[in-house]
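Please look over the sequence and the model shown here. A short report follows, arranged by topic.

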Amino acid sequence: MTDSVSGTGDPDGSSGCFFCSIASGAAGVPLLVDGENVVAFRDIDPKAPTHVLVIPKRHYRDVVALAGAEPAVLAELVTVGGRIAGAEAASGPDAGEFRLVFNTGASVGQSVFHIHGHVLAGRPFGWPPG
Ligand code: AMP
């Protein structure tokens with residue numbers, strides 16, 4: 001079957017996806033969480049003391065696609081993000097608080113087109129984001 005969007009014959013866009021190879025373990029990136037449907041790993045270029053990416057094992061381009069196809073997996077992803085923040089920012093007045101970011105589209109900063117939630121914690125954050 002040919003992908004109607006890219007014409008590559010790759011219906012879900014996952015071939016050559018590096019985050020798919022992280023999710024499967026093939027990339028050898030250490031996983032903080034290896035769940036039934038999601039995995040979590042540290043961002044290679046952290047923007048906060050805690051900067052963890054949580055991704056579904058199955059490939060979706062962005063959070064809207066995941067929400068439409070597998071809302072329970074999106075809920076699992078959010079729950080895992082909260083658990084990580086609770087574990088890593090465990091003390092002090094901001095304990096357990098975090099920012100969860102889903103960049104959705106290149107113009108707002110998405111550079112990897114396998115949906116990922118950025119779990120950011122451990123310092124104050126400004127608003128609005130840049
Ligand atoms: P975004 O710009 O929202 O698509 O986020 C992509 C994120 O993936 C960036 O924060 C990158 O630093 C991160 N990233 C890219 N490659 C890797 C990798 N091999 N391991 C961990 N994080 C990565």
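How far is an oxygen atom of the ligand from an N or O atom in the side chain of His-118? The distance is 2.8 Å. This value, like the others below, comes from a predicted model.

## Ligand surroundings

The ligand has 15 residues around it, and those that come nearest are Asp-43, Asn-103, Gly-109, Ser-111 and His-118.

Taken alone, the ligand exposes 500 Å². Of that area, 81% is buried by the protein.

The model has an open sheet of 5 strands, paired antiparallel, in the order 1-2-3-5-4. At its edges are strand 1 (33–34) and strand 4 (99–101), each of which pairs on one side only. In general, strands of a sheet pair through backbone hydrogen bonds.

Strand 3 (residues 50–56) and strand 5 (residues 117–121) run antiparallel and are joined by 5 bridges. Within this pairing, Val-54 stands opposite Gly-117 of strand 5. Helix 3 (residues 71–88) packs on the sheet and touches strand 1, strand 2 (38–42), strand 3, strand 4 and strand 5. The direction of helix 3 makes about 160° with that of strand 3.

## An aromatic pair

The structure holds 1 aromatic pair. Its members are Phe-19 and Phe-41, arranged edge-to-face, with 5.4 Å centre to centre and 85° between the planes. Phe-19 lies in helix 1 (residues 18–24) and Phe-41 in strand 2, so the pair ties together parts that are 22 residues apart in sequence.

## A cis peptide bond

Most peptide bonds are trans. The bond from Trp-127 to Pro-128 is cis, and its omega is near 5°. Pro-128 is found in the segment after strand 5.

Notes. Residues numbered from 1 in each chain as written. Predicted model: local features only at pLDDT ≥ 70, side-chain atom pairs only at ≥ 80, totals over all residues. Heavy atoms only, no water. Pairing = 2+ DSSP bridges. Helix = DSSP H or I, 4+ residues; strand = E, 2+ residues; numbered from the N terminus. Contact = heavy atoms within 4.5 Å. Axes fitted to C-alpha atoms, helices over the stretch in contact; angles between N-to-C directions. Near = heavy atom within 4 Å. Polar contact = N/O pair within 3.5 Å; in protein donor to acceptor, adjacent residues only side chain to side chain. Areas by Shrake-Rupley, 256 points an atom, 1.4 Å probe, with all protein chains shown as cover. Phe/Tyr/Trp six-rings, centres within 6.5 Å; stacked < 30°, edge-to-face > 60°.
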